[in-house]
Amino acid sequence: MEQGHLETARTTLQTVRADQVGRLVDLWLDPRVRQHLGGVVSKDVAIQRVNSYVGLETHRSVIHRETELMMGIVMLTTREEDWEVSYLFFPEFWGQGFAKESTTKLIQFGFEFLACKRIVAVTQSQNLRSVALLKSLDMEFCRTFVEYSAEQSEYSLRNPRFRAS
């Protein structure tokens, strides 16, 4: 796997480009996408957030390889002493395995190129689809806590190249 070029069987993970900002902002404005993420944010906040992702190796637009449609975004960000993987997909791409495919690839990137020892993922406990996705990635349940006025579940995956500490 080359650092700058990430592909799965059906997707290409591109570093976010300036010409993709408008489409990605739509993710933050979609109430279905934001249902378990604290709700829709203002357009100004969404634009500022997405603009900060442009060019980052850790934030990838997920592009369908055949149609070249943007399906969503996968991201690695720091959370306390760990890295956190997160994802947002347009509803028309839910339930088709694209999130699992692209999240798996980004986790591999984190382990191989960022030398992440452990990657965590946090989702609202009520978001059963996201919980199922994290379990399918072999992530282990760690704990629950309250954030954004809702119970969150944290899952983690250790880099096999490092011993458990």
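A residue is called buried when its relative accessible area is under 20%, exposed when that area is over 50%, and partly exposed in between, with a 1.4 Å probe and protein chains only. The model is predicted, so local features need pLDDT of at least 70 and side-chain atom pairs count only at pLDDT 80 or more, while totals for chains, interfaces and linings use all residues. Residues are numbered from 1 along each chain as its sequence is written, and side-chain values use heavy atoms, with hydrogens and water left out.

Thr12 is placed in strand β2, residues 11-15 (strands are DSSP runs of E with at least two residues, helices runs of H or I with at least four, numbered from the N terminus). With a relative accessible area of 15%, Thr12 is buried. Beyond its neighbours within four places in sequence, Thr12 is in contact (heavy atoms within 4.5 Å) with Leu6, Glu7, Ser61, Val62, Ile63 and Arg65.

In soluble globular proteins, nonpolar side chains tend to be buried together. Not counting residues up to four places away in sequence, Met139 touches Val85, Ile119, Val120, Ala121, Leu134, Tyr155, Ser156 and Leu157.
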